[in-house]
Amino acid sequence: CVACHGKDAKTPLMPTYPKLAGQNAAYAEQQMKDIKSGARNNGQTAAMKGVMHLVNDAEIKALAEYLSKLK
């Protein structure tokens, strides 16, 4: 995550990459699941698609909850 979204999850490498810190957990979880399944497939998801196969649904939920609590 840090390579593209920053160590603090709010300073992305590119201005078009989303800030993840403080993101709504349910929204972030669904976006990650959609990227993993291919339901969300645009230019912004290419890098994420390459790593989402490494995490299961429980890990996605945990990541989303963690990110939502970052300030």
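Colleague: Let's start with Lys 33: what is its relative accessible area?

Modeller: Lys 33 has a relative accessible area of 27%, so it is partly exposed. Buried means under 20% relative accessible area, exposed over 50%, and partly exposed in between, with a 1.4 Å probe and protein chains only. Before we go on, this is a predicted model, where local features need pLDDT of at least 70, side-chain atom pairs count only at pLDDT 80 or more, and totals for chains, interfaces and linings use all residues. Residues are numbered from 1 along each chain as its sequence is written, and side-chain values use heavy atoms, with hydrogens and water left out.

Colleague: Thanks. Which residue does Lys 33 form a salt bridge with?

Modeller: Its partner is Glu 29, with the closest N and O atoms 3.1 Å apart. A salt bridge here is a side-chain nitrogen of Lys or Arg within 4 Å of a carboxyl oxygen of Asp or Glu. Helices (H or I, at least four residues) and strands (E, at least two) are DSSP runs, numbered from the N terminus.

Colleague: And Glu 29, buried or exposed?

Modeller: Glu 29 counts as buried, at 14% relative accessibility.

Colleague: How many salt bridges does the structure hold?

Modeller: Two. In the other one, Lys 61 pairs with Glu 29, and the closest N and O atoms are 3.6 Å apart. Lys 61 is in helix α4 and Glu 29 in helix α2, so this pair ties together parts that are 32 residues apart in sequence. Lys 61 counts as partly exposed, at 42% relative accessibility.

Colleague: Changing topic: which residues make up the largest nonpolar core?

Modeller: There are seven: Ala 28, Met 32, Ile 35, Met 52, Val 55, Ile 60 and Ala 64. α2 gives the most to this core, with three residues, and α2 and α4 each supply at least two. A nonpolar core is a set of buried Ala, Val, Leu, Ile, Met, Phe, Trp, Tyr and Cys residues joined through side-chain atoms within 4.5 Å.

Colleague: What does Ala 28 touch?

Modeller: Not counting residues up to four places away in sequence, Ala 28 touches Gln 23 and Ala 64. Contact means heavy atoms within 4.5 Å.

Colleague: Now the loops. Where is Thr 45?

Modeller: Thr 45 lies in the loop between α2 and α3, and it counts as buried at 1% relative accessibility. Leaving aside neighbours within four places in sequence, Thr 45 is in contact with Ile 35 and Arg 40.

Colleague: What about Ala 9, which loop is that in?

Modeller: Ala 9 is in the loop between α1 and α2. Its phi is positive, about 65 degrees, although Ala 9 is not a glycine. At 7% relative accessibility, Ala 9 counts as buried.

Colleague: Last one: what volume does the largest pocket have?

Modeller: About 580 Å³. Of the 25 residues lining this pocket, the closest to its centre are His 5, Pro 18, Leu 20, Ile 35 and Met 48. On a 1 Å grid over the protein atoms alone, a pocket is an open set of points where a 1.4 Å probe fits, with protein on both sides within 12 Å along at least five of seven lines, and lining residues have an atom within 4 Å of a point. Grid points are joined across faces, edges and corners, and a volume is the space filled by probe spheres set on the points.
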